Every structure is written in C-alpha cells, then in structure tokens.
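Work through these exercises with the structure open. Try each task before reading its solution.

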2 protein chains.
Amino acid sequence: MITDASSCGQRFVDVEVLEKMDYETCKKMLARLSKGIAHPARIEIVRMLSNKPAEKKYICSDIVRALPLAQASVSQHLKILKETGWVYGEIDGARVRCSLVGNIMEYYRELVRKAIQE
Amino acid sequence: MITDASSCGQRFVDVEVLEKMDYETCKKMLARLSKGIAHPARIEIVRMLSNKPAEKKYICSDIVRALPLAQASVSQHLKILKETGWVYGEIDGARVRCSLVGNIMEYYRELVRKAIQE
DNA sequence: ATCGTCTATCGTCAATGCACGATTATAATA
DNA sequence: TATTATAATCGTGCATTGACGATAGACGAT
C-alpha cells in the first residue's frame, strides 16, 4: 500500500500561479529553488528523476547506488530537494519512491524569467 | 578612464559552448550559477542590472542604496555574483560600474535544460 | 520471532554563508 | 595637501552546509 509521506510537499506546481505572485514572494521562491540545485549531486539526482518514466520510479537506494556518496549524505541531499520543492517521496512499504515535482522544470524556468527579467 | 577589473571574469558567455561541454562540467557550472541566485538580495541585484540600459550602468553605491543592507553586505553579495559568473565590474575612477554578464540569462536557462533534461 | 533491507536521523567535524561595524585603499575634488 | 566619496576587505559572531559513521525504526521475508 502506498501512503502519503507527510513532509514531502506538493506533487505538482502550476505555472499560472506565478502571474498573480508578488515580486517579494517570487524572489524568495526562486532563491529557494536555486539553492536546491546549487550542488552537483542534487543536480544529478534531479536529472535521474526527470529522465525516468512515471511507472518506473527510483527508490532511494537506487540513487545511493548511482552516486559516489554515503547513504546518509544522499538522504540529506534528498531532504534538501524536498524542502526546496524539487522532489517528493511516496512511501511504499519500507521503500520510498522518489519523483520530481510535476512541471517543476517549466515552473523554475518561468520563475527565473519573471523574477529577473520583469 | 576605464580600466579592467582583473578579478571580475568574462563579460559575455556563449551558448554555443554548451553543446561541446561534458556533463560533469555542466553540472558544476549549473551548481555554481545556481548558488549565485540562491539568495533574494542577489536576485534583486541581478534584476536591477538586467533592467538597466547598457549606457546607464549602476555603480555599487546605487545598489547599496536600493537594498536594505549595509555596504559591506552588498559588497559581499556582489563578490559572490562575480565569483559565480553573473556579474562583472568595470573600474571607472573611484567607482565600479556593475553589469550583468552578457547573455547570461539565456546561458543559464539553456544550462538548466541541458544539465537536467538531457 | 528473527533476519536482512531500506531509509531517516543523530552526532560530529570542518568549511562556508551571511550579517554587521570598522578599517583601509583609491580616486576625485576643494 | 586635506577632505570627501567610493568600494573592498578585515574581523567577528552565528547559522548553515556537506561529509561521514553509527544508530534507530519500519517493513517484508523466512
């Protein structure tokens, strides 16, 4: 059975929301998301997840295996990716299946545009 | 007279270069640039600079005046923006005119695409 | 019930980030 | 030459980051 992981945030983001967002909020949100990908290991994780078909999600141990880091370090990076809004996890028994937040790439790119070029 | 500020890095970036760049380098570069805009004050600075016509560049004191931070703090943020490749400065007498690195927005957006979606 | 697997968290350490006031260095100006 | 303006840097304090090994908790399988 698949249960919600309560601390894992939303599964999708809506680009429409950005239009009504005030600039201060935009700035903070862009800063937060940017911090999420401010480390090569986290970029690698985001890339792994974004290239994965939805029905074949990675579990944490897959990511540990793919990176040259200890399990604790990967878990910490995953935590930051969740806190900064890139990733969410679904608990499936003893495992956690990790996914990229839906539409986050378009959302980020649009946020960069809005926060900097407007 | 306008002189080079030796520590201020390049003035333009070329998106073409990204095509030949290996993935490890891409990751590091994206991580570095992302760190640059991982703070609201630095996003504000980048935004100020990107909205400025080339012939009317800001000097550092303009930026200090626009932000609710001490001069030392702004100087530190500007240093990070230079180190991470967003901004360069041209020394003009006692002043430093700050500019956004040419084409950096397109470069960053393309880097996000390449490092994550390829 | 016990074992092995999976994942989060704890504790630690060194390094870095961010804020500030104070100081210094340089250039323009009076 | 003395003064003022500009910007970088120093020194400090505090919080955060990033790495790790060790541990704990949850689950499935035997």
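Over all chains, the structure holds three aromatic pairs. This is a predicted model, where local features need pLDDT of at least 70, side-chain atom pairs count only at pLDDT 80 or more, and totals for chains, interfaces and linings use all residues. Residues are numbered from 1 along each chain as its sequence is written, chains are lettered from A and ligands numbered from 1 in the order in which they are written, and side-chain values use heavy atoms, with hydrogens and water left out.

**Exercise 1.** Classify the pair of Trp86(A) and Tyr108(A).

*Solution.* 
- Step 1: Rings of Phe, Tyr and Trp (its six-membered ring) pair if their centres lie within 6.5 Å. Here the centres are 5.3 Å apart.
- Step 2: Planes under 30 degrees apart count as stacked, over 60 as edge-to-face and the rest as tilted. The planes of Trp86(A) and Tyr108(A) make 55 degrees, so the pair is tilted.
- Step 3: Trp86(A), Tyr108(A), Trp86(B) and Tyr108(B) form one aromatic cluster.

**Exercise 2.** Find what lies over the face of Tyr23(B).

*Solution.* 
- Step 1: A charge sits over a ring if NZ of Lys or CZ of Arg is within 6 Å of the ring centre and within 35 degrees of the ring normal.
- Step 2: Arg47(A) lies over Tyr23(B), at 4.1 Å from the ring centre.
- Step 3: Arg47(B) lies over the face of Tyr23(A), also at 4.1 Å from the ring centre.
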